[in-house]
Amino acid sequence: MSGRIPIQVTVNGRARAFEVAAHHTLLEVLRDDLQLTGTKECCLVGECGACTVRLDGRIVDSCLVLAVEADGGEVTTVEGLASDGRLSRLQGAFLDEGAVQCGFCIPGQIVAADDLLRRVARPTVGEIQEGLAGNLCRCACYGQITAAVAAAAAAEAGAR
Amino acid sequence: MHAFSYERPATLARAVALLEAHGPEARVLAGGTDLIIRLRDGSLAPTVVVDLKRIAELEPGIREADGRLVIGATTVMTDIAADARIRRRFEALAEAAAVVGSVQIRNRATLGGNICNASPAADTAPALLVHGAVVVIAGPSGSRRIPIDGWFVRSGVTTLGRGELVTAIELPLPAAPMGSVHLRRTRRRGHDLASVTLCCGVDASGVTRLAYGSVGPRPVLAVDATGVLADRDAAPDARTGLLERMLAEATPSARSMRASPDYRLAMLRVLARRGVDIATARLAAAEGRR
């Protein structure tokens, strides 16, 4: 297969059918074809995590996934975490804790943290650091980011 | 990224036919965590990329068969690190898989890809050497099996031939308990490549297997069958001399930016001693549970 390849992907709960070039990454297609620019392009070598999205239930660096590999799959981007215009508990915690400085890494941080909290309801500080080890923050807001994830986990537990 | 054609074969036979027809012009895509970086930076420019993830015979998974644990080549690090059988019987491999890259990388990076990429720093390589892994290969003339120690040649080069691909990695289930451990040094905790990586396995008969990487062009396996290294009552000089001979194949490059040769060689000795101690203690604990 070369040229444009037809694929079907469910993005943030909505089924989409479109054509992609074989050498375009999931990141490029999300941003340039679907205008979902919350997912950021940064290092392009899988080290910074700014392009983190959930693919078929697991987080990936979308710069290291060809769009055609996602054919038939389900993708959730940071835009898919808020519902009806309301921020998720985790997103609110990032604001409350002042975890956002320049903000560029935050979509990736939040998608990775959301994944962590799906796997581990009450993560320790060590588990939060390990869960977010693939997400770099040049503003070095790691303390606040860790606090935000812990606060969101505590709030979730309190709400149950 | 330059353009290439994308193939998504549904059968192993079709994948082998594609790889045989295109030879070095084709690259195999499994997790993509190494390949896509190299497609983007132009250091690889295949005309065809063959994606293995829709091949029925290559479904990821871990199963027991005929006294072996068979890990499908497309099984990702996350699932290897979480597998109860691997954690219990092949602890070094579970620990190695758990520190590859980040969560995002481990969700994508496959065991087959890690050995085919053949980085000297590959975290799983020393573990597979210690556990006596066998690489299962499919190719134009059928399938073959080779011990992992005959697999790695040098950085990026293996004994895989034209038209061949790895379908599984097999671990023989040890008859007697074995204690094993994976250790490494990195510049920072979390997502980093190893400056030194080492695994040690000690079995109930006293045989110690040491394997180390990131200190030369290929990972190295050294075996002490005398029982001296695992014997805490052995003369310290005897153990030191033995250890020196086992680590003699370490030849770290001065060109690598991650750590100096002196640092790597010094840390290799530290990790080797620590590895023997931990593996011996784990063996004792495993025997105590029997």
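Domain bounds in this predicted model come from an automatic or database domain assignment. On that basis, chain B is divided into domain 1 (5-51), domain 2 (60-172) and domain 3 (178-289).

**View 1. The domains of chain B.** Chain B holds domain 1 at residues 5-51, domain 2 at residues 60-172 and domain 3 at residues 178-289. Between the C-alpha centres of domain 1 of chain B and domain 3 of chain B there are 35 Å.

**View 2. A hairpin in chain B.** Strand 4 (residues 62-65) of chain B and strand 5 (residues 68-72) of chain B run antiparallel and are joined by four bridges. One residue to look for is B:Ile62, whose bridge partner in strand 5 of chain B is B:Ile71. Two residues lie between the strands of this hairpin, and B:Asp66 takes a positive phi near 50 degrees there.

**View 3. Chain A as a whole.** Chain A has five helices and five strands. Read from the N terminus, the order of these elements is β-β-α-β-β-β-α-α-α-α. Chain A is as compact as a globular protein of its length, because its radius of gyration, 16 Å, is close to the 15 Å that the globule rule gives for 160 residues. Along the principal axes, the C-alpha atoms of chain A fill a box of roughly 50 × 30 × 25 Å. Of the 160 residues in chain A, 48% are buried. Among contacts in chain A with a separation of 6 or more, 58% are between residues 24 or more positions apart.

**View 4. The hairpin of strands 1 and 2 in chain A.** Eight bridges pair strand 1 (residues 4-11) of chain A with strand 2 (residues 14-21) of chain A in the antiparallel sense. A:Arg4 is found opposite A:Ala21, which belongs to strand 2 of chain A. The two strands form a hairpin with two residues between them. In the turn, A:Asn12 has a positive phi of about 50 degrees.

**View 5. Strand 1 of chain A beside strand 5.** Strand 1 of chain A also pairs with strand 5 (residues 74-76) of chain A. These strands run parallel and are joined by two bridges. Here A:Val11 stands opposite A:Val75 of strand 5 of chain A.

**View 6. The two domains of chain A.** Twelve residues from domain 1 of chain A and eleven residues from domain 2 of chain A take part in the contact between them. On the domain 1 side, strand 3 (residues 52-55) of chain A gives the largest share, three residues. By type, the residues on the domain 1 side are six nonpolar, four polar and two charged.

**View 7. Where chain A meets chain B.** The contact between the chains takes 25 residues from chain A and 23 residues from chain B. Within the side of chain A that touches chain B, the largest share is the four residues of strand 4 (residues 58-61) of chain A. That side of chain A is made up of 14 nonpolar, seven polar and four charged residues.

Terms used:
Residues numbered from 1 in each chain as written. Chains lettered and ligands numbered in written order. Predicted model: local features only at pLDDT ≥ 70, side-chain atom pairs only at ≥ 80, totals over all residues. Contact = placed C-beta atoms within 7 Å. Nonpolar A, V, L, I, M, F, W, Y, C, P; charged D, E, K, R; others polar. Pairing = 2+ DSSP bridges. Rg over C-alpha atoms; globule rule 2.2 N^0.38 Å. Buried ≥ 20, exposed ≤ 12 C-beta atoms within 10 Å, placed from the backbone.
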